[in-house]
Amino acid sequence: MHYFSSHVLQRRVRLALAALPLAFLLNACGDSYRYMTSGEVGWALKNELRDNRATQVDIARLTDFEWDEFILAGPYEPAEDICKRLRIATAECHKVITTESIDDGEMVMLFRHKGKVVHIEKHFRFHGDFTPIPDETFTPKTAVFNVSVDGKSASGQSWLKLAAAKVPNK
């Protein structure tokens, strides 16, 4: 009986020790998942707001592709509604709008160049919340947003709101 108890205890200790790295890995997976589903612009926005604590963010400085329109789609906004806003034919809609928000905590960022969608990705509102969604389409010169703290998130961190800045005509 003593052997059995000791053997079972040793096995449980080995199992617990083996599970420890997995727990750390799963914790890191949250960031990996958010990066993979968010995309390069959303992650750059997260770095500016959360890591660098920017009080204003210029979307054009966070992109490495050419665009002339920046459009935001809110949580749960279906592809069909986005296509209507962008005047994309129904037959082409799901070929162009390849991702949709399916959660309160996410929205979609779209970039167009000469009328064609050149980049689309999910954006996690925790990284910077654009809601209420502005109706306007932004250009590289006007896609500048002021950052303010609007309470706390469920995790106790600051909830960052992004509001369109008044950009003087140049």
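Colleague: In what order do the 3 strands of the open sheet with β1 run, and how are they paired?

Modeller: The order is β1-β5-β6, and the pairing is antiparallel. Please keep in mind that this is a predicted model.

Colleague: Which are the edge strands there?

Modeller: They are β1, residues 56-58, and β6, residues 158-164, each of which pairs on one side only. From one strand to the next, the twist averages 35 degrees.

Colleague: How many bridges join β1 to β5?

Modeller: There are 3 bridges between β1 and β5, the latter covering residues 144-152. Within this antiparallel pair, Asp 58 stands opposite Val 144 of β5.

Colleague: Which helix packs on that sheet?

Modeller: Helix α2, residues 40-51, packs on the sheet and touches β1, β5 and β6. The direction of α2 makes about 115 degrees with that of β6.

Colleague: Let us turn to the other sheet, the one with β2. What is its strand order?

Modeller: Its 3 strands form an open sheet in the order β2-β3-β4, with antiparallel pairing. The edge strands are β2 and β4, the latter spanning residues 116-124. Neighbouring strands are turned by 20 degrees against each other on average, direction ignored.

Colleague: How many bridges join β2 to β3, and how many join β3 to β4?

Modeller: β2 and β3 are joined by 5 bridges, and β3 and β4 by 8 bridges.

Colleague: Is β3 mostly covered or mostly open?

Modeller: β3 is mostly covered, as 8 of its 8 residues are buried. Glu 106, Val 108, Leu 110 and Arg 112 point one way, while Met 107, Met 109, Phe 111 and His 113 point the other way.

Colleague: Why do the side chains alternate like that?

Modeller: In a regular strand, side chains alternate between the two faces of the sheet.

Colleague: Which helices lie on this second sheet?

Modeller: α2 lies across β3 and β4, running at about 45 degrees to β4. Helix α3, residues 79-86, packs on the sheet as well and touches β2, β3 and β4. The direction of α3 makes about 150 degrees with that of β2.

Colleague: Changing topic, how many residues are in the largest nonpolar core?

Modeller: That core has 21 residues, and those with the most contacts inside it include Leu 45, Phe 70, Phe 111 and Leu 162. α2, β2, β3, β5 and β6 each supply at least two of its residues. The greatest contribution comes from α2, with 4 residues.

Colleague: What does Leu 45 touch?

Modeller: Leaving aside residues up to four places away in sequence, Leu 45 touches Val 57, Ile 59, Leu 62, His 123, His 127, Phe 130 and Leu 162. Apart from this core lies another one, of 13 residues, among them Ile 82, Ile 88, Ile 97 and Leu 110.

Colleague: Finally, how much space lies in the largest pocket, and which residues are closest to its centre?

Modeller: The largest pocket holds about 430 Å³ of space. Of its 20 lining residues, the closest to the centre are Arg 50, Phe 126, His 127, Gln 157 and Leu 160.

Colleague: Which element gives the most to that lining?

Modeller: α2 gives the most, with 4 residues. α1, α2, β5 and β6 each supply at least two residues of the lining.

Technical notes: Residues are numbered from 1 along each chain as its sequence is written. This is a predicted model: local features need pLDDT of at least 70, side-chain atom pairs count only at pLDDT 80 or more; totals for chains, interfaces and linings use all residues. Side-chain values use heavy atoms; hydrogens and water are left out. Two strands pair if DSSP finds at least two bridges between them. Axes are lines fitted to C-alpha atoms, for helices over the stretch in contact, and angles run from 0 to 180 degrees between N-to-C directions. Contact means heavy atoms within 4.5 Å. A nonpolar core is a set of buried Ala, Val, Leu, Ile, Met, Phe, Trp, Tyr and Cys residues joined through side-chain atoms within 4.5 Å. Buried means under 20% relative accessible area, exposed over 50%, partly exposed in between (1.4 Å probe, protein chains only). On a 1 Å grid over the protein atoms alone, a cavity is a set of points where a 1.4 Å probe fits but cannot get out, and a pocket is an open set with protein on both sides within 12 Å along at least five of seven lines; lining residues have an atom within 4 Å of a point. Grid points are joined across faces, edges and corners, and a volume is the space filled by probe spheres set on the points.
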